[in-house]
Each structure stands twice: as structure tokens, then as C-alpha cells.
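Q: Could you walk me through this one? I'd like to go over the salt bridges, the domains and a few loop residues.

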Amino acid sequence: MPPQKVCVIGSGNWGSAIAKIVGFNAEENPELFDLEVPMWVFEEQVNGRKLTEIINTDHENVKYLTGIKLPQGVIAVPDVVEAATNADILVFVLPHQFVRGVCEKLKGKLKSTATAVTLIKGFEVAEGGGILLISDVIRQILDIPCAALMGANIANEVAQENYCEATIGCRDMQLGQKLKSVFQTKYFRIVCVQDEIAVEVCGALKNVVATAAGFADGLGYGDNTKAAVIRLGLMEMIKFCEVFYPGSKLETFFESCGVADLITTCYGGRNRRVAEAFAKTGKSIEELEQEMLQGQKLQGPPTAAEINYMLKSKKMEDNFPLFTAVHNICQSKVPVSELIECLRNHPEHM
């Protein structure tokens, strides 16, 4: 088999950290991977220069991953079709709100043998009161297989080569092992499981729980309260999979994509940080996102809204009180202090 070309679709904080890994593995394994790794970059100006020009000249994404050098084989491309056309493996890592639009541009433009893996944490609202997994959106529009990679992966720590783990969910274990070779390094270790739906759902739901953890921090509560948020949040994550994705395996929640990612995100990460500021300042989520994230997007509040859309349509909001409380707080329907009442009166305690 000729060397496989890998394309990274997205160039934010996490996208750039992953491009560093993919580019490194391409250099280390030229018999497996094409040395050139195109990375789609949404073009913008930074200090009077195009971001693509900066990345291709200085080999650093100065806006979203400062201080980290990218391999020379990582090539910033401002046109997503040009970046992806010749790719054998597509790595989707961009805000989930933009996936459908990007996929529509790529429809009919890819190799028929291409495969995809999503690192995106979120859902898409479906007509009739349901939600779609991001992998389903990619499969439906592009008609290619799509696996999921999730885990306890704060992007800056991964980029700094701190040891960490991730989980690839892929029903086809042969494809899973192929994808593992794209990502695994000495510091970024991968476990493959076949329970791909639970892997992806964990990655989305944990951001809602992390938002609750940030609210608790902003209200001045300590680690005991946060532990309760994490425990009750994990219970709702498991229940969500049991109800809406029957066949999910409990052991998947003990992989990096599950409890490990949940803990990491509830102590670090942008969703917790912005939620803490929301509780302290009274500013809106939208204001804080603009002030604090330098163009990055939150995933917790929109995911809470997507979940609520489905729960409400099925009259199941009361079955998931933590998820429901986070949504209502983000929408300013109830005060942030209502979170503690939610914990106190959670069905687990009644």
C-alpha cells in the first residue's frame, strides 16, 4: 500500500496539537504516511499577516497554539476542498457547529476509499426532536466510514508532550488499528474499543458536566461539591447512553474517553473556566466566550441546548436534572445558585 495522506480539518487549539502529532508520525513513518500533512485553516489576519502564511513560514499557530513548533510537513491550506481532495484519512477537529457546512463543501470531492475520524465533542440537532452524532453527520454527507477519538486531552498539555491517553472508538478493529498508528506516540497512548457510539457520546456530554463544575467553582464551593457534580454527571452520562444508545458498554466509561476525560475537563479546560466566570460576573456566556477564548468556541452550553432539545421533546427533562439545570442556567432561565438545589434534590438522593 502506498503511503497514506492524512488531512487535518481544523486548526484551533486542539486541531493544531493533533496536527503536530500527525506531522511527527508522518516524519517517523514515511513508509506508512505521506510526509505532507495538509491542515485546513480558516484564513484570518494576525498582526497584519495571513495566519496560513505564518504557519507555513514560522511553523507555529501563533493565534491558537502559541510557543509550539509544528513539523515542517504540516501545511496550512485556506481552502478546505484543496486540503482534503487527495486525503486517505480525514481528521475532523473543528467546532461542531461548523461540521455540516464543511462536509457539504467536501461532498463528492473526496477519494471513494477515504476514511474519517472525528475528534469533535458535540451533537447536531435533528428534525423532530432528536440529535445526531457528529460521526453520523460525516457518514451521511460524505458516505465514508467515520470513527471517533476522545480522551482526557487538554490541548496545550498534549502539545507540550505531557503523557496522556485517548480512546479510539471504531467498530472495525482493523481500521481502528490503522488510525491508532496515525496518532500514537510515546506520550500520547491510544486504546481501541469497538463501542464507538459511547466513546463519542462521552466526549460530548462531559462538557456539560464540566460547565456545572465551573458554576460550582464560581459559587465558591470546594472539591467535595465538585466531586458530587462529577459523580452525578457521570451517572447521567451512563443513563443517557442506556436510554438513547442501548448496547453501550459500561466498561467504556472507564476508558480515557469516559471518567478520565470527565475529571480532566471538570478541573481544567475552557468550559469550566468560562462557567466559573459566568457565576462570578453575571455576564452572558456569549460575552465571556468573546472576552476569554480568543476566537475559540465553547462546547458545553451549546451541547446542553442540543441535549435539552431532545429531552424536552421526549418529556424527559426531569430524568436528567443536572443536564437540564446547566441548560436553564446558561439560558438565564434560572439563577446559577439553582445548581446546588439540583444537586441537593437529585433523584439519586431521594
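**Salt bridges and domains**

A: D261 and K121 pair through their side chains in a salt bridge, with 3.3 Å from N to O. The term stands for a side-chain nitrogen of Lys or Arg within 4 Å of a carboxyl oxygen of Asp or Glu. Bear in mind that this is a predicted model, where local features need pLDDT of at least 70, side-chain atom pairs count only at pLDDT 80 or more, and totals for chains, interfaces and linings use all residues. Residues are numbered from 1 along each chain as its sequence is written, and side-chain values use heavy atoms, with hydrogens and water left out.

Q: Are D261 and K121 buried or exposed?
A: D261 and K121 are both buried. Buried means under 20% relative accessible area, exposed means over 50%, and partly exposed is in between (1.4 Å probe, protein chains only).

Q: And where do D261 and K121 lie?
A: D261 is in helix α10 (residues 256-267) and K121 is in the loop between β7 and β8, so the pair ties together parts 140 residues apart in sequence. Helices (H or I, at least four residues) and strands (E, at least two) are DSSP runs, numbered from the N terminus.

Q: OK, domains. How is the protein divided?
A: There is a domain 1 (6-194) and a domain 2 (198-345). Those bounds come from an automatic or database domain assignment.

Q: What separates the centres of domain 1 and domain 2?
A: The centres are 25 Å apart, taken over C-alpha atoms.

Q: How many residues are in contact there?
A: 33 residues of domain 1 are in contact with 32 residues of domain 2, where contact means heavy atoms within 4.5 Å.

Q: What about the area that domain 1 and domain 2 bury between them?
A: About 2,500 Å², with 63% of it on carbon and sulfur atoms. K121, F123 and I131 supply 22% of the area that domain 1 buries against domain 2, more than any other three residues. Buried area here is the accessible area (1.4 Å probe) that two parts lose on being put together, summed over both.

Q: How many salt bridges and polar contacts cross that interface?
A: The rule finds one salt bridge across the interface of domain 1 and domain 2. It also finds eleven residue pairs in polar contact there, both residues at pLDDT 80 or more. On the domain 1 side, the elements giving two or more residues are β8 (123-126), β9 (130-133), α5 (134-142), β10 (146-150), β11 (164-169) and β12 (188-193). The largest share of that side, four residues, comes from β11. A polar contact is a pair of N or O atoms within 3.5 Å; within protein, one must be able to donate a hydrogen and the other to accept it, and residues adjacent in sequence count only if both atoms are side-chain atoms.

Q: Zooming out, how many salt bridges are in the whole structure?
A: A search of the whole structure finds 20. One of the pairs is D88 with K111, at 2.9 Å from N to O. D88 sits in the loop between α3 (80-84) and β6 (89-92), and K111 in the loop between α4 (99-106) and β7 (115-118), 23 residues apart. D88 is buried because its relative accessible area is 10%, while K111 counts as partly exposed at 32%.

Q: Which residues form a salt-bridge network?
A: D217, K226, R272, E276 and K280 are linked in one.

Q: What about E196 and R139?
A: Their side chains meet in a salt bridge of 2.7 Å, N to O. E196 lies in helix α8 (residues 196-218) and R139 in helix α5, so parts 57 residues apart in sequence are tied together.
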